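Colleague: I am new to this structure. Please pick one part and take me through it closely, then show me where it sits in the whole.

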Amino acid sequence: MENKEISQAVIGRLPRYFRFLGELKDEGIERISSQELSDIMQVTASQIRQDFNNFGGFGQQGYGYKVEYLYEEIGKILGLYKTHNLIIIGAGNLGQALANYMNFERRGFLFKGIFDNNPHLLGKKIRNMEVKSMDEMEIFVKENDIDIAVLTIPKASAAEVAKKLSDIGIRGIWNFAHVDLNVPRGIQVENVHLSDSLMKLAYNINQFENGG
Ligand code: NAI
């Protein structure tokens with residue numbers, strides 16, 4: 001496959017393709033045309049073809065895509081066949097909710113530990129793991145080959161913690177703190193703002209009610 005720069009917009013759509021293809025595979029569907037995929041996913045067939053062309057196309061024109069092959073190839077592109085060891089920083093409401101959500105493990109994201117700087121939380125068990133202190137983080141990251149940190153702490157301390165994480169060799173931050181992080185090249189940050197999705201919903205309700 002050609003090693004060209006793929007836009008973040010295309011990459012952002014891959015997990016959805018992956019999810020739909022996984023469902024088709026589970027239903028025993030072996031082949032699908034871009035038009036059929038387009039109907040199910042409510043994306044134009046030309047968008048699908050354009051997206052897939054970034055990766056060499058995946059399928060024969062007029063013949064459809066092989067569902068399992070496409071599913072596996074997209075999984076490989078997303079790096080899902082490697083496992084990722086992750087820790088959560090911030091054992092509050094959100095950190096605990098994420099820790100308790102088991103489904104990420106199906107995709108190879110293995111939850112290894114949870115850390116907090118509040119002494120009252122230390123030792124508290126969340127999904128059978130004790131909350132650890134921030135002082136233990138560096139050694140833990142090295143010993144457990146941790147590559148992803150999930151940041152569920154307030155924005156005021158996010159920059160400082162992100163710096164520490166990059167210093168100790170974390171490769172990716174899944175950032176829920178509402179702040180843009182300046183991190184060195186070589187460490188990837190994915191920001192998540194649930195409220196963006198909610199605002200999009202509000203916009204769509206508004207549009208619909210105004211006859212848009
Ligand atoms: P919370 O107050 O329940 O939990 C935050 C935890 O972080 C606390 O246990 C606190 O002791 C810990 N903490 C604070 N500073 C720390 C540090 N320097 N090192 C280690 N641990 C530290 O808050 P909640 O509800 O879990 O939210 C966490 C953060 O996520 C907030 O900043 C909130 O605004 C944000 N948030 C973001 C969402 C999103 O969609 N991006 C959705 C919900 C919350």
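**A close look at helix 8**

Modeller: Start at the end of helix 8. Gly211 follows this helix, and its phi is positive, near 75°. Keep in mind that the model is predicted.

Now the helix itself. Helix 8 covers residues 194-209, 16 residues in all. From its first C-alpha to its last it reaches 23 Å.

Next, look at one residue on it. Leu198 lies in helix 8. Is Leu198 buried or exposed? Its relative accessible area is 58%. The cut-off for exposed is over 50%, so Leu198 counts as exposed. Leu198 also belongs to a nonpolar patch on the surface, together with Leu201 and Ile205. The accessible area of these three residues together is about 290 Å².

For contrast, turn to another helix. Ile40 has its place in helix 2, residues 34-41. Its relative accessibility is 38%, so Ile40 is partly exposed. What does Ile40 touch, leaving aside its neighbours within four places in sequence? It is in contact with Phe20, Leu24 and Ile32. Take Phe20 from that list. Phe20 and Ile40 are 20 residues apart along the chain, yet 8.3 Å separates their C-alpha atoms.

Seven strands form an open sheet, in the order 5-6-4-3-7-8-9, with mixed pairing. Strand 5 (125-126) and strand 9 (188-191) are its edge strands, each pairing on one side only. In general, strands of a sheet pair through backbone hydrogen bonds, either parallel or antiparallel. Strand 4 (residues 109-116) and strand 6 (residues 129-133) run parallel, joined by three bridges. Asp116 has Ser133, in strand 6, as its bridge partner.

Finally, step back to the whole chain. Its secondary structure comes to eight helices and nine strands. The C-alpha trace spans about 60 × 45 × 35 Å along its principal axes. Of the 212 residues, 38% are buried. The chain exposes about 13300 Å², and carbon and sulfur atoms supply 49% of that area. Now take the contacts between residues at least 6 apart in sequence. Of these, 56% join residues at least 24 apart.

Notes:
Residues numbered from 1 in each chain as written. Predicted model: local features only at pLDDT ≥ 70, side-chain atom pairs only at ≥ 80, totals over all residues. Heavy atoms only, no water. Helix = DSSP H or I, 4+ residues; strand = E, 2+ residues; numbered from the N terminus. Expected span 1.5 Å × (residues − 1). Buried < 20%, exposed > 50% of the residue type's maximum accessible area, 1.4 Å probe, protein only. Contact = heavy atoms within 4.5 Å. Patch = residues over 30% accessible without salt bridge, like charges linked within 9 Å, V, L, I, M, F, W, Y side chains within 5 Å. Areas by Shrake-Rupley, 256 points an atom, 1.4 Å probe, with all protein chains shown as cover. Salt bridge = Lys/Arg side-chain N within 4 Å of Asp/Glu carboxyl O. Pairing = 2+ DSSP bridges.
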